[in-house]
Amino acid sequence: MRNFVVVAEELNISRAAARLFVTQQALSKQLRDLEDAIGVRLVDRTTRSMALTPAGEAFLASVRESLAALDAGVAAALSASRGVSGTVRLGFVMGGALELTAPILAEFAALCPDVRLELRETGFDDPSAGLADGSSDVAFVRLPLSVPDLDTLPLFVEPLVVALPVRHPLADRTALTAADVIGEPLAVGRTADAVWRRYWTLDDRRGGRPPTVVRTTTSHTEELQVIAAGLACAITVAGAARYTPHPGVRYVPLTGVPGSTLAVAWRRGHRTAGVDRFVTAAGRVREREPAIVATIEAPLPTPPPS
């Protein structure tokens with residue numbers, strides 16, 4: 001049937017045979033055998049020309065549909081045998097994997113062209129980006145988290161900064177330490193994940209004393225408004241200065257505190273073929289793009305004076 005389609009397109013046995021890498025005699029015999037099997041003449045042939053008969057035209061349309069369906073079935077079977085068909089649900093917190101996000105998604109699309117990737121952003125209420133409740137198969141998350149049985153592939157460690165109201169007494173400093181800010185009112189995400197919350201309120205730097213004032217927020221946008229209004233400061237990452245500059249907020253480097261680890265994460269025992277390919281794609285991009293990783297991990301430049 002594939003050879004018949006080529007004959008119908010060329011309407012010349014010599015050219016069709018050349019395309020198919022067969023002899024003219026063999027192709028002519030295949031065409032006669034096909035006509036004998038169907039019981040109708042498909043092609044009118046003379047010494048000078050070829051033309052499809054009405055039966056040949058009708059048969060050609062059906063053959064093309066049949067071959068397309070066959071090819072789709074073969075592709076589906078191959079994808080199923082590799083275990084990389086269907087949908088992969090990717091959760092991510094604010095910013096995803098920053099400048100690595102686009103190349104990772106492109107790499108995954110190249111690895112799994114038949115897989116549909118569903119993206120879902122979560123707010124501060126779910127720093128696991130859907131892994132805790134199973135609504136995501138794999139996610140970009142900020143560590144640490146209290147989610148049990150979590151496997152991770154770290155992609156980079158991003159420096160921390162303090163987001164301050166522009167008129168705050170500390171806003172003109174070139175750098176700050178945990179001791180400088182633990183007494184300040186802090187904004188932090190409204191979440192039940194105590195481990196995640198402790199990290200972003202610097203609890204391990206307080207000698208067991210809880211923050212005096214904490215304002216909980218549901219999103220980074222809300223957090224920026226709280227800071228700009230002079231109600232609190234916040235511990236965040238250096239990428240916030242690139243992605244979310246705000247006229248009422250000043251970002252100052254925080255020194256002496258380990259940075260924020262951004263990782264690809266998935267639940268242990270749930271690393272499906274699709275998740276495995278996504279983790280593979282993320283690891284390849286991380287190794288292939290050291291310049292991007294270096295940019296993300298670079299300290300925040302000293303802020304200009306107000």
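This report describes helix packing, strand pairing, salt bridges and selected backbone features of a predicted model.

## Basis of the description

Because the model is predicted, local features are reported only at pLDDT of at least 70 and side-chain atom pairs only at pLDDT 80 or more, whereas totals for chains, interfaces and linings use all residues. Residues are numbered from 1 along each chain as its sequence is written, and side-chain values rest on heavy atoms, with hydrogens and water left out.

Helices (H or I, at least four residues) and strands (E, at least two) are DSSP runs, numbered from the N terminus.

The phi angle of leucine 11 is near 50 degrees, a positive value in a residue other than glycine. With a relative accessible area of 33%, leucine 11 is partly exposed; in this classification, buried means under 20% relative accessible area, exposed over 50%, and partly exposed in between (1.4 Å probe, protein chains only).

H1 also packs with helix H3 (residues 24–38): their axes come within 10 Å and cross at roughly 110 degrees. H1 is therefore roughly perpendicular to H3. Angles of 65 to 115 degrees receive that description, while those under 35 count as roughly parallel, those over 145 as roughly antiparallel, and the rest as oblique. Axes are lines fitted to C-alpha atoms, for helices over the stretch in contact, and angles run from 0 to 180 degrees between N-to-C directions. On the H1 side, Asn3, Phe4 and Val7 meet Leu27, Gln30, Leu31 and Leu34 of H3, where contact means heavy atoms within 4.5 Å.

## The open mixed sheet

Four strands form an open sheet with mixed pairing, in the order S8-S12-S7-S11. Its edge strands are strand S8 (176–177) and strand S11 (234–237), each of which pairs on one side only. Two strands are taken to pair if DSSP finds at least two bridges between them. S8 pairs with strand S12 (residues 249–255) in the parallel sense, over two bridges; leucine 176 stands opposite leucine 254 in S12.

Helix H8 (residues 220–228) lies across strand S7 (160–165), S11 and S12, and runs at about 100 degrees to S12.

## Strand S13 and its partners

Strand S13 (residues 260–267) is mostly covered, with seven of its eight residues buried. S13 runs antiparallel to strand S5 (residues 138–143), to which five bridges join it. Opposite leucine 262 of S13 stands arginine 142. S13 is likewise antiparallel to strand S6 (residues 150–158), here through eight bridges. Tryptophan 266 in S13 is the bridge partner of aspartate 151.

The loop between S5 and S6 contains proline 144 and aspartate 149. A cis peptide bond, with omega about 5 degrees, joins leucine 143 and proline 144. Aspartate 149 has a positive phi near 55 degrees, in a residue other than glycine, and is partly exposed at 45% relative accessibility.

## Salt bridges

The model contains 22 salt bridges, each defined as a side-chain nitrogen of Lys or Arg within 4 Å of a carboxyl oxygen of Asp or Glu. A network of salt bridges links Glu9, Glu10, Arg15, Arg19 and Arg64. Within this group, the side chains of glutamate 10 and arginine 19 meet at 3.0 Å, N to O. Arginine 19 is partly exposed, with a relative accessible area of 42%.

Elsewhere, arginine 116 and glutamate 118 form a salt bridge whose closest N and O atoms are 2.4 Å apart; glutamate 118 is partly exposed at a relative accessible area of 32%. A further salt bridge brings together the side chains of arginine 173 and aspartate 180 (3.2 Å, N to O). Arginine 173 has 34% relative accessibility and counts as partly exposed, and aspartate 180 is also partly exposed, with a relative accessible area of 25%.

## Cysteines

The structure holds zero disulfides, a disulfide being a pair of cysteine sulfur atoms within 2.5 Å. Cysteine 112 counts as buried because its relative accessibility is 3%. Cysteine 233 is buried as well, at 1% relative accessibility.
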